[in-house]
Amino acid sequence: MNTIARALRILAAGAFALACAATWADDAAIRKNWALHNPKGPPIDEISKTPIGGLYELKVDKEIVYSDEEGNYLIFPSRDQTDGHLLDTRTKTDLTEQRLAKIMAQDLAKLPYEDALKFKQGNGSRRLIVFEDPNCHFCKDAERNFAALKDVTIYTFMIPILGDDSVSKSRTIWCSKNNAQVWRTWMLQGVMPPRPMGTCDLSALNRNLDLAGRYHLNYTPAIIFDDGSRFAGLADVDKLTKRLDEVGAAKKG
């Protein structure tokens, strides 16, 4: 090896070492400042570089936060709109929403499905997760579309967030025999059965509210697909079917 080649290799190795040291320094600085300013908050699970130099993505529990290389400046994106999201203008891609969907997809297997109303339609091969309030007007419109879907299993988590009457109706539905059918009858026909007598374990409704809160699902209907992607609000049958087909094809591929 000649002298010039040896020198270039030494320089390259040195540059690589400096880059690694800088990365480790950034990681340590960000974690240190996060812990300093959020002593009672959850720790950082993962730190990743973004396509923007000097901007880092922090995964903190179910959240995505953006930070500079020292953790002195933070951006907290909204889950419900694109405010604060990182967008790729070239592809019109919401990179923040993609990461949030990925986090949700990883958690889907762990959701407490025993706390949901279950509807198996056709062969039930696809999965749709919905958060709804019994007094939500848009939910009643959406329910007609859900009922028309084919080959899907729908898990409906009741979250009574629209007042005391929603709490009362949710209790009646949850405690009724064949509660999934009672829910559909109420949502599609407006018929509510008498309140069941006796005791009933209502803790599932409280757990549903906690679950929705953890994922910032403070709107209804919240519609979640198997890849963690979401629809907020009403979606017609064609759009729902198209998205279910896309998610299913991606899963097979």
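**Close-up views of the predicted model**

**View 1. Lining of the largest cavity.** In this predicted model, Glu63, Ile64, Pro77, Ser78, Arg79, Thr96 and Leu100 line the largest cavity. Two elements, strand S3 (63-67) and helix H2 (95-107), each give two or more residues to this lining. Sorted by class, the lining comprises three nonpolar, two polar and two charged residues. The space within the largest cavity is about 30 Å³. One cavity of 30 Å³ or more is found when the whole structure is searched.

**View 2. The four-stranded sheet.** The sheet is open and consists of four strands, arranged in the order S1-S2-S3-S4 with antiparallel pairing. The edge positions are taken by strand S1 (46-49) and strand S4 (74-75); each has a single partner strand, so one side of each lacks a neighbour in the sheet. In general, the strands of a sheet pair through backbone hydrogen bonds, in either a parallel or an antiparallel manner.

**View 3. Pairing of S1 with S2.** Strand S2 (residues 56-60) is joined to S1 by four bridges in the antiparallel sense. Among the paired residues, isoleucine 47 has leucine 58 of S2 as its bridge partner.

**View 4. Packing of helix H2 on the sheet.** Helix H2 packs on the sheet and touches S1, S2 and S3. The direction of H2 makes an angle of about 140° with that of S3. Both H2 and S3 also contribute two or more residues to the lining of the largest cavity shown in View 1.

Key: Residues numbered from 1 in each chain as written. Predicted model: local features only at pLDDT ≥ 70, side-chain atom pairs only at ≥ 80, totals over all residues. Heavy atoms only, no water. 1 Å grid on protein atoms, 1.4 Å probe; cavity = no way out; pocket = protein on both sides within 12 Å on 5 of 7 lines; lining within 4 Å. Points joined across faces, edges and corners; volume = space filled by probe spheres on them. Nonpolar A, V, L, I, M, F, W, Y, C, P; charged D, E, K, R; others polar. Pairing = 2+ DSSP bridges. Contact = heavy atoms within 4.5 Å. Axes fitted to C-alpha atoms, helices over the stretch in contact; angles between N-to-C directions.
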